[in-house]
Amino acid sequence: MTSAAGPPPSGGSPTSAADYADSFATESPAQAAARQRALTSASAFGTPAPVEPAVGATLAVLAASSDARSVVSIGSGGGVAGLWLLQGMRTDGVLTSLDADPAELRAARRAFTEAGIPSGRTRLIFGTPGEVLPRLSPGGYDLVSCAGPPLEYSAHLDGLLGLIRRGGSLVCHGLLAEARIADRSARDPQTVAWREIARTLREDETLTCAVLPIGTGLLVATKRT
């Protein structure tokens, strides 16, 4: 779903450009409600913030461009990213969403129910990537989307890439947050994990990669065919 907004004004600030990108990607009422709940949870309990509308719309485009039928979402994020992915996927597609926080999974289930998503189109799994990835089919997925702190999945990067078929993509959200990845003095564990993820994907000759400066940053890596 997109808005009918016209071209962005020239000479605008980066903030206004980001605002335009978010307003262009108009959310449905169910998406807006899920986002508000996720923002409240992030503020109250420190759970990961939901993806921005512009990021969500990009996830939908990536899913649509690959005619995605099978997608994995690492970190349910209250169902916000999942709703965008489902919007871009085939109507018979199945989204597998895993999270080690049961409250986040419950929020995702509520978001999918309120959006009228048939129960057969989603599979919600409680557990960490290390626990769940071995149970998923290698090479069986068109898209894998990762959200939340990179330390939660960076140790399992090989397993995540192993899930993706040729022509499929791995998408990681958040690497440009607070511009820490570009700050050489930043040595905290999460920033170091982002640098390792970015370097590993960029140096893998089987992948084509790009960083998209939308939201808090998307790192996209597509398996060459």
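Colleague: D188, is that buried, exposed or partly exposed?

Modeller: Partly exposed in this predicted model. The relative accessible area of D188 is 23%.

Colleague: And what does D188 form a salt bridge with?

Modeller: With R180. The closest N and O atoms are 2.7 Å apart.

Colleague: Why is R180 called partly exposed?

Modeller: Because its relative accessible area is 31%, and the class runs between 20% and 50%.

Colleague: How many salt bridges in the count?

Modeller: Eight.

Colleague: What about E27, which residue does it pair with?

Modeller: E27 forms a salt bridge with R35. The closest N and O atoms lie 2.8 Å apart.

Colleague: Are E27 and R35 buried or exposed?

Modeller: Buried, E27 and R35 both.

Colleague: Now R37. Which side chain does it meet in a salt bridge?

Modeller: E114, at 3.3 Å from N to O. That pair links distant parts of the chain. R37 sits in helix α2, residues 29-45. E114 sits in helix α5, residues 102-114. They are 77 residues apart.

Colleague: How do R37 and E114 count for accessibility?

Modeller: R37 counts as partly exposed, at 23% relative accessibility. E114 also counts as partly exposed, at 41%.

Colleague: Switching to helix packing. How do the axes of α2 and α4 cross?

Modeller: At roughly 155°, and the axes come within 9 Å. The angle is over 145°, so α2 and α4 are roughly antiparallel to each other.

Colleague: Which residues make that contact?

Modeller: From α2, A30, Q31, A34, R35 and A38. From α4, V80, L83, W84 and Q87. R35 is the residue that forms the salt bridge with E27.

Colleague: How do the residues of the contact of α2 with α4 divide?

Modeller: Six nonpolar, two polar and one charged.

Colleague: And α3 with α4, what are the angle and distance?

Modeller: The axes cross at roughly 35° and come within 7 Å. Here α3 is residues 53-65 and α4 is residues 80-88.

Colleague: Is the crossing of α3 and α4 left-handed or right-handed?

Modeller: Right-handed.

Colleague: Which residues make the contact there?

Modeller: P53, G56, A57, L59, A60, A63 and A64 on α3. On α4, A81, W84, L85 and G88. W84 of α4 is also in the contact with α2.

Colleague: How many of the α3 and α4 contact residues are nonpolar, polar and charged?

Modeller: Nine nonpolar, two polar and no charged.

Methods: Residues are numbered from 1 along each chain as its sequence is written. This is a predicted model: local features need pLDDT of at least 70, side-chain atom pairs count only at pLDDT 80 or more; totals for chains, interfaces and linings use all residues. Side-chain values use heavy atoms; hydrogens and water are left out. Axes are lines fitted to C-alpha atoms, for helices over the stretch in contact, and angles run from 0 to 180 degrees between N-to-C directions. Helices (H or I, at least four residues) and strands (E, at least two) are DSSP runs, numbered from the N terminus. A crossing is left-handed if the near helix is turned anticlockwise from the far one by less than a right angle, and right-handed if clockwise. Contact means heavy atoms within 4.5 Å. Ala, Val, Leu, Ile, Met, Phe, Trp, Tyr, Cys and Pro count as nonpolar, Asp, Glu, Lys and Arg as charged, and the others, Gly among them, as polar. A salt bridge is a side-chain nitrogen of Lys or Arg within 4 Å of a carboxyl oxygen of Asp or Glu. Buried means under 20% relative accessible area, exposed over 50%, partly exposed in between (1.4 Å probe, protein chains only). Angles under 35 degrees count as roughly parallel, over 145 as roughly antiparallel, 65 to 115 as roughly perpendicular and the rest as oblique.
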